[in-house]
Amino acid sequence: MKKRILIVDDSFYMRTMLKNMLTDAGYEVVGEAPNGQTALQMAKETNPDLVTLDVILPDNTGLDVLKGIKKDQPDMKVIIVSAVGQEVIVTEAMDHGALAYIVKPFSEDKVLEVVGNALKENA
Amino acid sequence: MKSREQEYKEIFIAEALEYYDALNRHISELEKDPNNDGLLAEIFRLLHNMKANAKAIGYIQISDLSHKLETAFELIRNKELAFTDETVTVLFDGIDLLGELINNVDNEGYQVADENIIRNLELVVENANEQENGGDKQKELSRSAKYINAKNITLSDLVYIQIKKLDHLLNLVGELIIDRDRILSISKELNHSDLAAVSAHLYRITEDLQYSVMDARLVTIGSLFNKFPRIVRDIAVAEKKDIHLEVSGQDIQIDRNILQIITDSLLHIMRNAISHGIEPADVREKVGKPKVGNITLSAQSDREMVQIKLRDDGKGIDLADVRRGIVQKGFLPADVVKDLRDSEALSYIFEPGFSLAKEITEFSGRGVGLDVVKNAIDSIGGRIRVDSEKGKGTTFTLHLPTSIAVKGALLFEVAENFYAIPLMHTDSVVAFETSELHEIGGLLVAEIKNETITVIYLNEFLNGDPGTMDLGSKSRLKGLVQNIIIVTYNNRKLGLIVDKLFRQQDIVVKPLNKPVDAIEIYGGVTLLGSGKVCLVLDVPAITRYFLTKK
């Protein structure tokens, strides 16, 4: 069955690109959250297989969202989407249970590779 | 035609302009409240998004400038750069230039008017670093040709709109058209020249409005078709089949809600084609077909209709199986089935409970039959047909309206009441001598173009007393010649005898209200220009009614 993905990013442009890439590749995008609060709520409601998480969000840092998800739904897979220059946050996110990270700007191949690998692992 | 690149670009610009406005707002606030960390964090977030988005879409100047601004704000956040008047000016200039760049992404000849703005940004950073390192080689900032912002306020020229709002708009247009037709009709009756001129103008405007609203709801079929290559690949892998998919007609436009409604149907047919249509490679080789199965998904538009075809070169549907199935599942007795035309027999695959699938796989045969597909297509006033040749392959053809609001319909009269039949379901109109109709098995039939077609006298059917209703007797017919509208539904034809044919017209169909909405044979109601109520016949329901009778 189709794997279900939640996209968390504050930029509509980024969400649209990611959504198109993922749905074209046969994934089901169950939600798009533009901020941390919505992200946590959607993660609970939609219970996706995977979350792509931007680390800089308007109301909350992405790190808090990651911690929130991992606290309530520890099995949910989270991939960090970050930009160059945020290596410190990415490292911290990996320590808090993120599976992998993608650096913006990303290529479609890269996104699908990282997402595909993350969903393959039986973590 | 809007390509995905175009769509990305429009989204980028709309969002970038939003960021630009917010940046201006926040920097103005920061000027008054330089120690507000929340504001700084927000500025960072906006610049960060601007940079990442611009880089992704390939607007290097915008991403570079965002990066330089980010660097400067980094120093301010770390208290290495004071938020002085001079710095503020440089930052504002930088933000203004950002706005200029965003507004000129389409302008190929655009040159940054004043390179000093960028240079100054770099200098502010260099000077701060120099100071931090204990140096005193402060470089003088250049004067920049300042953009005067108050002069040109630009708003984004792209808005996003919920489909719900467009639905509402379209409903209102529908109501308006009904009133317009009424006014036109009154104006003809009154024969008043001013009124005639105004109503002619009203007619043109509402027509333009109707098409504009319909146009706003159009999306390209590609938005659905482009998802198929990957889906087909996945199903093919799971089914261990080699499939080549050819897609065409992605640029054809169709109403967004219609596309939404047929999405699952098309997916279902595609799964069937791969799971049950295309044979395994070894079987294909044995029968002399290329190893790789071929599926084509195409769209064509034909006036107000869009035709979607899904063709596979698989094993085809075995008509003998279908005929056996019709008998086994109790749809029709064996003696009737053997007389069915091939196309008629084939249409039974759309009946609930009729499935030829022998094995259930992950992707198909999960209890959802083609009847569900058919219902979805019916619900939007579309048609579906299947053609198949054993050993050669199967083709499903979907005829869909491009828009849901207005339907072309044939108006006619029965017992002085007006009725309409959507053109989607009309095949032809013929005049027949009463003597050429035959009484067979409690119904009337006619031999029309080498087909035996059941003919229903609508006056008797719609207005007859149920106790004495007789649809099989010619004695109830009036006149020597009968006007018959031949309707088609699911490859089956039915003739409807009407009193008088009226005209062809675009109508806005409104659903029936309770309690009359339970009457199945009416699909809805419309108001004619004369103010008269006109019932719209539901051809699928009437055809089904007589099929169960058979």
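## Chain B at a glance

In chain B, take the contacts between residues at least 6 apart in sequence: 66% of them join residues at least 24 apart. Two residues are in contact if their C-beta atoms, placed from the backbone, lie within 7 Å. Chain B has 17 helices and 18 strands. These are DSSP runs, numbered from the N terminus: helices are H or I with at least four residues, strands are E with at least two. Of the 550 residues in chain B, 33% are buried. Buried means 20 or more other C-beta atoms within 10 Å of a residue's own; exposed means 12 or fewer, and partly exposed lies in between, with C-beta atoms placed from the backbone.

## About the model

This is a predicted model: local features need pLDDT of at least 70, side-chain atom pairs count only at pLDDT 80 or more, and totals for chains, interfaces and linings use all residues. Residues are numbered from 1 along each chain as its sequence is written, while chains are lettered from A and ligands numbered from 1 in the order in which they are written.

## Nonpolar cores

A nonpolar core is a set of buried Ala, Val, Leu, Ile, Met, Phe, Trp, Tyr and Cys residues joined through C-beta atoms within 7 Å. The largest has 68 residues. A:Leu53, A:Ile79 and A:Ile80 touch the most other members. A second, separate core has 42 residues, including B:Phe225 and B:Leu266.

## Two positive phi angles

Most residues other than glycine have a negative phi. A:Asn47 has a positive phi of about 40°. A:Asn47 sits in the loop between helix 2 (36-46) and strand 3 (50-54) of chain A. A:Asn47 is partly exposed because it has 13 C-beta neighbours inside 10 Å.

B:Lys79 has a positive phi of about 60°. Its loop runs between helix 3 (60-77) and helix 4 (85-103) of chain B. B:Lys79 has 10 other C-beta atoms within 10 Å, so it is exposed.
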